[in-house]
Amino acid sequence: MYRIGIDVGGTNTDAVIMDGQAIHAVVKVSTTPDVTSGLMQALQMVLESVALAPENVGLVVIGTTHFTNAVIERRNLSPTAVVRLCLPAAQCLMPMVDWPADLRAAIGEHHYLAAGGVEFDGTPIAALDATEIKRIGADILARGIRSIAVSGIFSPVRDQFEHEVGRLLVEACPGAAITLSSAIGQLGLLERESATILNSALRELASTTVASLRDGVAQCGIGCPVFLSQNDGTLMDATTAERFPVLTFASGPTNSMRGAAFLSGKADAIVVDVGGTTTDVGLLHRGFPRQATTTVNVGGVRTNFRMPDVFSVGLGGGSIVTDAEPAPHIGPRSVGYRLTQEARVFGGPVLTATDIAVADGRADIGDASQVDGLDHALVQRCAGVIDKLLADAVDRARISPEPIPVIAVGGGSILMPDRIGGLEVMRPQHFAAANAIGAALAQASGEVERIYLLDNLSREAALDDAEQAARRKAIVAGARAGSIVVSEREDVPLAYLRGNATRVRVKVVGDMNL
Amino acid sequence: MRDLDESDIEALAIGAAILGTGGGGSPYIGELRCRRALREGKRIRLIALEELADDALVMSVAGIGAPTVSIEKLPEGGEGLRAVRALESYCGCTVDALIAAEIGGGNALEPMITAAEAGIPVVDADGMGRAFPEMQMCTFSIYGHRAAPAAIADEHGNIVLFQRTVSEHWFERLARSTVVTMGGSATGAEAPLSGRLAKQIAVPGTVTQAITLGNLVMAANRQHTSAISAICAQESGVHLVDAKIVDVKRHLLGGFSVGEILLEGMDAYAGTRAKVAFQNEFLTFERDGTVEACVPDLVVILDVDSGRAISTEMLRYGQRVAVLALPCHALLRTPAALAVVGPSAFGLEGIEYRPLSDGRAASNPSSMQIGKTP
């Protein structure tokens, strides 16, 4: 069966057809404001390019930045109530306490603290009060709020209270979109709660967006299941995506890095994704992006999502070049998607990084004669600045002096020299569509984070227990049991406590059962 | 006496993390709580040690427990004040000011929150001048002031009073097991000390020191200059190396996160290989088999670009860091102090403490013998 990967970016929508390890077709169209018509156009073109009948498509995977952008632009967010199970603890800081005021206003401040939550070892802090939860549900209903976030202290350790409250709130507020924090994130109450609130606030947008993406696929005659890419590059089915839109937040950079790994055949490499305005540099470790360990800021909100550790610099194909002493300025301002009208090689008035790449002989696009007249010394100085910016960014991602390949992907990667910081630069075929290829790779994952008391349990037994739980989750997500491998396995002791408590996190990944 | 505002609190959180030398827990929750208190119109006032009357009573307040718990089970809010009130009632006294037991990490903010509630000032001083893993590693204890009577309060309203403990180690043990029973995070208040004694045995000026460091880092970030060199200049510190972390080894030992990180020098330090050992806090910096800095001097690891502190829990392979050594206060360099907070107290056998040179230590008149190694 064939797989289709689609990346819906801010500027372009890319689509690829793959079968096993083979790439059969790649197309690129402009993203449309409604998303769906661009998606359909890309699907139809890519099917036609290899005359593939829609019924031979077994899987469609869509990567999109739609939900991240909704948060950043504060649009299409639903008013959301927050129910925190914590009393008597955690009264000192209310939900959304560290959010930007405009985002708080967009979501509203409907906060309820209730008894419940557990200690680090799973013991209840206080008993749940069903009457209290019902009263809160009635109040939420009376306020006309249809999105609810439920957070509970140490719910990643024990999620029973959150589930019970979820059931009570479904009864009290029929049809409400409810997100439980235990389904979203890791330890760190405020960060996990914030991610849960964002998720609930995006649920209505997710329903309509995912429905229209599915419609678009169906209207192209494709009847197979539709999946979305999540933060770690693995897949979730469309129904899960409707319920957990925040899990798509980092799918863009992840897909591009995973696509680069596939295209180059390298599992360990530095990936440089040069777009029109920015360059993202990250490290591949065993075929997956290395994850950031600090909190990740999304639209001004601290969250604790696992996101790729990507360093961005304001350099891209559309970066505007201005001469200055001692060195010319290149970026961060960019002509962006207007490159094909504004750049000199396309007959426009603006000197861009792409023009420098063409004048320097690195790239051959547009009309090279338009940059013939450029001062040779200026071109050399600009090329030097571009190389320095890229070399510094690559060096940040290096973790050892051992040679490591650098993989250039993205439409702007024509800026890349052949060697950078002493490292060889690879430009795999189809480099411009690495995003869509990353989406089409089709793997499913399972992740578990728990606290274990090592008094009567060995560290290995704790890790094994977490791994088994993660494997079960991966199979539920669609992975084929025989293909599952461990991608991350870590344990961090809970410092300052003499109980030998340790936090264990295991993630496994497997190929989708097609 | 001066009022701290939100920008002081922001700077204090940054500076306290630096003085935390990798431990002490994140100041973030404490920073948010202080901001809330200020927005509610409460005042956070800072009083210098010398402004304190000799017969004034000062109580130290600290959060006790695991940082992993404190980012998840946030406090109810009144724990610190309940502990202080319980201890006041037992001792039959009224305290005039609060003081941090530990300026490094989250505990720098703890007395601020309680003092804002109680309407009393916080003393510009603390009991460590940095962070240490155990409560007896505090100048108050080192110089003979007993922690007990002490009180520990939790979010439920439970208050445990320690009437008497036969040693500071016993207090540490009993307090620790109490906190584990309370769910791994609680707030404690310790026996009041007089203004006269505080002036002798508290590490002076450390709140202002942390605020100054925080302001330096923020100014350097704004002006795109080096926070690292600004911190070294301010603290008479040594910039040991800029490096990438090439390995992090850690394990659990008796409730402590113990391990070491291996560093490979970069930029001007290319070719250097070095090692930092930690036990919750960073303990030693070693290059080519020579220990160049060790406890109680501060071994500080900062993000090489932003100058923000990196805690032992955040350490990971590939991070680009600057390692600094900052001289500790003379109160931590006496034989009495080194027995409790010197290298041998952390099981670092065979390492002799050699104080980092520091102009302030030499010029600081103190009744205690200073600057000598045992």
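Reader: Which residues touch the most other members of the largest nonpolar core?

Author: In this predicted model, I4(A) and V323(B) do, out of the 288 residues in that core. Helix α6 of chain A, residues 189-219, gives the most to the core, with 11 residues.

Reader: What is I4(A) in contact with, leaving aside its neighbours within four places in sequence?

Author: Its contacts include A15(A), V16(A), I17(A), L43(A) and A440(A). A contact requires C-beta atoms within 7 Å.

Reader: Why does T340(A) count as partly exposed?

Author: T340(A) has 15 C-beta neighbours inside 10 Å. Buried would need 20 or more, and exposed 12 or fewer, so a residue in between is called partly exposed. T340(A) therefore counts as partly exposed. T340(A) lies in helix α9 of chain A, residues 339-342.

Reader: How do you know that the buried residues of α10(B) line one face of the helix?

Author: The buried residues are A227(B), I228(B), I231(B) and E235(B). Seen down the axis of α10(B), they fall within an arc of 100°, so they line one face.

Reader: What makes β6 and β8 of chain A stand at the edges of their sheet?

Author: The strand order is β6-β5-β7-β8 in chain A, with parallel pairing. β6 (110-115) and β8 (177-180) each have a single partner strand, so one side of each is left without a neighbour in the sheet. Pairing takes at least two bridges; β7(A) and β8(A) pair over four bridges, and V150(A) stands opposite L180(A) in β8(A).

Reader: Which helix packs on the sheet?

Author: Helix α4 of chain A, residues 130-142, touches β5, β6 and β7 of chain A. The direction of α4 makes about 170° with that of β6(A).

Technical notes
Residues numbered from 1 in each chain as written. Chains lettered and ligands numbered in written order. Predicted model: local features only at pLDDT ≥ 70, side-chain atom pairs only at ≥ 80, totals over all residues. Helix = DSSP H or I, 4+ residues; strand = E, 2+ residues; numbered from the N terminus. Arc of directions from axis to C-beta. Core = buried A, V, L, I, M, F, W, Y, C linked by C-beta atoms within 7 Å. Contact = placed C-beta atoms within 7 Å. Axes fitted to C-alpha atoms, helices over the stretch in contact; angles between N-to-C directions.
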